[in-house]
Amino acid sequence: MPVAVTTTTTVTTATTVGSPQALTQPLGLLRLLQLLATCLALSLVASASAWAGPMGDWSMFSWCFCFAVTLLILLLELCGAQAHLPLNWRNFAITFAAYAALLCLSASVIYPTTYVQFLPYGRTRDHAIAATAFSCVACVAYALEVAWTRAKPGEVSGYMATVPGLLKVLETFVACLIFAFIGDSYLYKHKAALAWCVAVYAICFILAAVAVLLNLGDCTDVLPVSFRAFSSGLALLSVLMYATALVLWPLYQFDERYGGQSSRRKDASCALRYINNVCNWDRRLAVAILTAINLLAYVADQGHSAHLVFG
């Protein structure tokens, strides 16, 4: 759905597509850097078999996914085939770049903290450190693409290139991280209040994902109301629901009066440190922090969406 950031004429894209010149433009060169950095990161890790467990799998998935989709985007733009796809290409490109930046950022943090620091000095550790460095380079490169292609003041652009659109990406990504940390149902199934928190995460994720998909498919007109009103209402509902989760999750996880554990040392699973292992108390803390982050994202989303509707 096109969103007018301000009422002026549109700005043409700086990238030439449908010819080899696409690779020599600034955006094309940036994508080549992304491709190279993710390729080197996954190759270094794979060559030394320097990953294990769910945290290692997440990192490898992040690099492989980003490499594969970046290569696909380059090939499609090189051939000029993106115009034949049933989606809004600019929305798709910036949405992927935002997700890729977050994926590489998460891998750059998770991989060294849950794996690299436990490795003995040697070839495997050197490869893992180098892979982490290239993951950071890829993260910066994807973030630069988002900054390069996002909607500027005075430009008529797709919704995903605006602040509310990019916040939708952040909201859904953070929700996915929350789901990863609460993968074991014993963290919440014993309390109805905690089960409500999980329902909040799921409902808000689905609604935000629907908003993203509607814009990628350029089919926001299927809604019975304007997309701006839908987005504003979605953000307000999510703020209210996440506010309850921000109160209930820490209360029932860390307050001993409600069956929680007030300190990390009281959790037996945190007594020993294992490679790629995140103990239960750390999982609970991570979910609490991510809940607060997503609440702030939805508050900012609500502010920007309300401005688009009523401003």
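Reply: Happy to! Rings of Phe, Tyr and Trp count as a pair if their centres lie within 6.5 Å. This is a predicted model, and a search of the whole structure finds 16 aromatic pairs.

Me: How is the pair of Trp 89 and Phe 92 arranged: stacked, edge-to-face or tilted?

Reply: Planes under 30 degrees apart count as stacked, over 60 as edge-to-face and the rest as tilted. Trp 89 and Phe 92 have 35 degrees between their planes and 5.4 Å centre to centre, so the pair is tilted.

Me: Where do Trp 89 and Phe 92 sit in helix H3?

Reply: Helix H3 covers residues 89–114, and the two are separated by about one helical turn because they are 3 residues apart. Buried means under 20% relative accessible area. Trp 89, at 14%, is therefore buried, whereas Phe 92 has 22% and is partly exposed.

Another tilted pair is Tyr 252 with Tyr 258, at 5.0 Å centre to centre and 55 degrees between the planes. Tyr 258 is partly exposed, with a relative accessible area of 32%.

Me: Which residues do ring pairs link into a cluster?

Reply: Trp 58, Phe 61, Phe 65, Phe 96, Tyr 142 and Phe 173 are joined that way.

Me: And which residue lies over the face of Tyr 121?

Reply: That is Arg 125, at 4.5 Å from the ring centre.

Me: Turning to helices, how far does H6 reach from its first C-alpha to its last?

Reply: Helix H6, residues 192–216, reaches 36 Å with its 25 residues, close to the 36 Å expected at 1.5 Å a residue. Just after H6, Asp 218 takes a positive phi of about 55 degrees.

Terms used: Residues are numbered from 1 along each chain as its sequence is written. This is a predicted model: local features need pLDDT of at least 70, side-chain atom pairs count only at pLDDT 80 or more; totals for chains, interfaces and linings use all residues. Side-chain values use heavy atoms; hydrogens and water are left out. Helices (H or I, at least four residues) and strands (E, at least two) are DSSP runs, numbered from the N terminus. The expected span of a helix is 1.5 Å times one less than its number of residues. Rings of Phe, Tyr and Trp (its six-membered ring) pair if their centres lie within 6.5 Å; planes under 30 degrees apart count as stacked, over 60 as edge-to-face and the rest as tilted. Buried means under 20% relative accessible area, exposed over 50%, partly exposed in between (1.4 Å probe, protein chains only). A charge sits over a ring if NZ of Lys or CZ of Arg is within 6 Å of the ring centre and within 35 degrees of the ring normal.
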